[in-house]
Amino acid sequence: MSSLRFLTDAQLPFCKGCGHALVAQNTGKALQKLNINPLDVVLVTDIGCHGIVDKSFLTHTVHGLHGRSSALAAGIAAGLNNPGKKVIVFTGDGGATIGMQHLIGGAHLGFDMTVVVHNNMLYGMTGGQPSEFTPCGFKTPTLPEGSTKAGYDICELMVAAGASYVERVIGIGDFSDSFAKAFSASGFSLVEVMEICPSYGVKSNPGMKLSKLVEDAGWNVRVFADGKGPSFKTPVNLEPKSLLSEKLEVQPKYASSIQKPVSIMISGSAGEGVQSAAEFLAKAAMVSGLNSTKKGSYPVTVGVGFSASEVIVSPNPILYTGSPIPDVLIITSSDGLGYARAAASRMKAGVLYIDDSLDVPETGARVEKVPFRERVGAKNSAMYAVFYVVFHEKLYPVDALKDVFLSNKIAEKINIETLLQF
Amino acid sequence: MHESKKNLAFIDGSRLITEALVRAGADTFVGYPITPANLLYLYATKRFPTMLAAPDEITTLQWMSGFAVAGHVPVTATSFPGYALMVESIGMAAMMELPMVIILVQRLGPATGTATCGAQGDLNVVFGTMSGGYSIPTFSISNYHDCWELSAKAVHTAIQLRTPVVLLTSKEMVMTLQSFDWSTLPEIKPKQVKLYNGSSPYLPYKADESLIPDFLPVSQNQHQVRITASTHDTKGILQNVLPEAIDNTKRLELKVRKHLDEYTVFDLDEQEGSDRLIITYDISSQASREAVASLRAKGEKVSLLVAKTLLPIPRVYVEIASRYKRVVIVEENLTGQLRQLLFGVAGRNGVSGVNGIAKMISPTEIIEEVLRHE
């Protein structure tokens, strides 16, 4: 056992008879037993009476928000990525109630840290209301009739979540060996220290003995998990590759004769290749020396409903990427018609290419009915429509689109000849 | 024709943002892939040295803060529903003086709204993030060059000022694909956190005239580090309302304002003889640039201010606006959030807005408003 000091000489800032002081002293003693450098320890405290202990510790100290200390500590543990450092969380039953997800998540992932829950069965700093740890029958100033619900068994919860070391102790006397075991366990450990608040708990429940209370609540005082759990390793990729690689580069090879921007909206159904078709349409424009943009529109449900895309191809730089009134509108399905009806009605010129199975919406555009779906099937209808439109609108050489298509894996699934029916 | 271009590609803004963040010195991405920030999350899995998937946005900001305490520079990307959950923790990180970047990809609200529709609805949310009206340096992206340069600026500012920084953008900037030649982008140099190297005990919140305290991570064991979100003295010890502690709290705002000139970024395109100014930011910038080009082609005189540093509001924006009889502020929201920040509820004669939701504001709408009183 080392003689390194973990606590200052100043009196601990707690009410007389409060178990929090014993938690602090036992923490210091356990760390001495483990012969750790105080500055290899990071104490993370929650909000609550226990949280004002920071100034008494000679370790690193971090004091955050109510209920979030376990998540903050998890970030520190993951950021340190060094099991030689000890990350210790002090929280109350109130903070544990607020941040229960962080405890479960921390145990699940196995962050290298120890959570010490100061369970005095109520929120002490804010007047003594019950927490979700308050046992059945326990009275508090705001619940004088006593709780009608059983409190959480945090130890059982932590075992279920995957914690490596879990123990419940009665917060009386010397329990530093329990802390020492928890601090030296790999992965996520938790010790629940049972206390009774001298200001609110004792007054509301006169004559009640802590050990009897714990026993009546059905909470076992024992070790629940033995410390042989997995420990979270932070993924570190020291040589990640640049996102701007030569593979992305597009080489202009063809030429387009268009003189001004053309906006093309393609509207169809999710799962029918609308976004890919639009991307090919835009990329092939680049291969033809044009600038291009592609903006997608779809509902959040990825696999159903409409899928639409707006493409602009232009010999000039494109600033505004919207196209409220398309020059060319392609509608390949009933979902697509529903979404594009408004755009069709805004068109006073231009062309509407629409699958011939669909009703023609109100529009000022010239209408071309084409059996897209019948000729190539629903799944390839958008891709076919794009080939068809590039050819008939003379946007750029169809060969440019063929090149882009054939350089993609999709070419293995669709016979290019079926897309060249003009 | 593109023959002369070297690195022509069909890419989205998310790719440029992610690459720039890492090059500038960010090393950790933590996040939940909320729509429409998903692509940033996806690229982060490939590009960041460390990437952690968090279960939610409160956890995200807490993990990020933990990483920052350990000496890392973390980034996340979210949208309003996630940002709302982060708010308490952003205040914590600002009070703790932790560097980090939060990319806020705006989508149509209120509440969950329409996740796949863009917007410029969150400037007021960011403005009001901190209790007490403290400022979070906030940048907004107007085009692909900004995806690159402002992302780097956001990281550098977060590191330099030891503060969370918000990078505001919108669905159409991070998800739309555009032809772009990245050989035109400038080099980005990484910035390091300035560490304390003295021999006397380290005071985590003691600052020199820069008002920015030196940093030490909890990974070192030479000096004790105390970090706290509660009102604290220079030692990092919780204090009620002691003058030293209150001075420290005031310093947070003074720090951000003292260096504002160093991170004030805007494009000002003034036309001589014009008495009309368009002010815009974010996703409405490109439509505004197009509108200005069209107006000038028709012989109409008009100037343009694209605001890129949004918060704290640089005083120079007000000075520029004061030179113009007519000011048209273009933003994709219902109530004119930048307009109110610049001119208040009372407004000013000659100031009007082009606003709208659920679709990008078009150059035509801007031109109509500029010419409305002619």
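This is a conversation about reading some features of a predicted model.

Visitor: Which strands does strand 12 of chain B pair with, and over how many bridges?

Guide: Look at both of its sides. Strand 12 of chain B runs parallel to strand 15 (residues 326-331) of chain B, and five bridges join them. With strand 13 (residues 303-307) of chain B, strand 12 also pairs in the parallel sense, over four bridges.

Visitor: Can we go down to single residues? Which residue is the bridge partner of B:L277 in strand 15 of chain B?

Guide: That partner is B:V327. Towards strand 13 of chain B, you will find B:I279 opposite B:L305, and B:T280 opposite B:V306.

Visitor: Is strand 12 of chain B buried or exposed?

Guide: In strand 12 (residues 276-280) of chain B, five of the five residues are buried, so the strand is largely enclosed by the rest of the structure. Now look at the directions in which the residues point. B:R276, B:I278 and B:T280 point one way, while B:L277 and B:I279 point the other way, and all are buried.

Visitor: Where does helix 9 of chain B come in?

Guide: Follow the chain from one strand over the helix to the next. Strand 12, helix 9 (residues 285-297) and strand 13 of chain B make a right-handed β-α-β unit.

Visitor: Now for chain A. At what angle do helix 9 and helix 13 of chain A pack?

Guide: For two helices, read the angle and the distance between the axes together. Helix 9 (residues 274-287) and helix 13 (residues 398-406) of chain A pack at about 120°, and their axes are 8 Å apart. That angle makes helix 9 of chain A oblique to helix 13 of chain A. From helix 9 of chain A, the contact is made by A:F280, A:L281, A:K283, A:A284 and A:V287; from helix 13 of chain A, by A:A400, A:L401, A:V404 and A:F405. The crossing of these helices is right-handed.

Visitor: What about helix 4 and helix 5 of chain A: at what angle do they cross?

Guide: The axes of helix 4 (residues 100-109) and helix 5 (residues 154-161) of chain A cross at roughly 40° and come within 8 Å. Helix 4 and helix 5 of chain A are therefore oblique to each other. Among the residues that meet are A:M100 and A:L103 in helix 4 of chain A, and A:I154 and A:L157 in helix 5 of chain A.

Visitor: How do I read the surroundings of one residue? Where is A:W219, and is A:W219 buried or exposed?

Guide: Find its place, then its accessibility, then its contacts. A:W219 is in the loop between helix 8 (210-216) and strand 9 (223-226) of chain A. Its relative accessibility is 5%, so A:W219 counts as buried. Beyond neighbours within four places in sequence, the contacts of A:W219 include A:F133, A:Y152, A:R168 and A:M194.

Visitor: Finally, backbone angles. Which residues does a cis peptide bond join in chain B?

Guide: Check omega. One cis peptide bond joins B:G109 and B:P110, with omega of about -5°. Another joins B:L311 and B:P312, where omega is about -10°. B:P110 lies in the loop between strand 5 (100-108) and strand 6 (114-118) of chain B, and B:P312 in the loop between strand 14 (309-311) and helix 10 (315-322) of chain B.

Visitor: And what is phi of B:R162?

Guide: Phi of B:R162 is positive, about 50°, although B:R162 is not a glycine. At 3% relative accessibility, B:R162 counts as buried.

Methods: Residues numbered from 1 in each chain as written. Chains lettered and ligands numbered in written order. Predicted model: local features only at pLDDT ≥ 70, side-chain atom pairs only at ≥ 80, totals over all residues. Heavy atoms only, no water. Buried < 20%, exposed > 50% of the residue type's maximum accessible area, 1.4 Å probe, protein only. Pairing = 2+ DSSP bridges. Right-handed = clockwise from strand over helix to strand, strands pointing away. Axes fitted to C-alpha atoms, helices over the stretch in contact; angles between N-to-C directions. Parallel < 35°, antiparallel > 145°, perpendicular 65-115°, else oblique. Left-handed = near helix turned anticlockwise from the far one by under 90°. Contact = heavy atoms within 4.5 Å.
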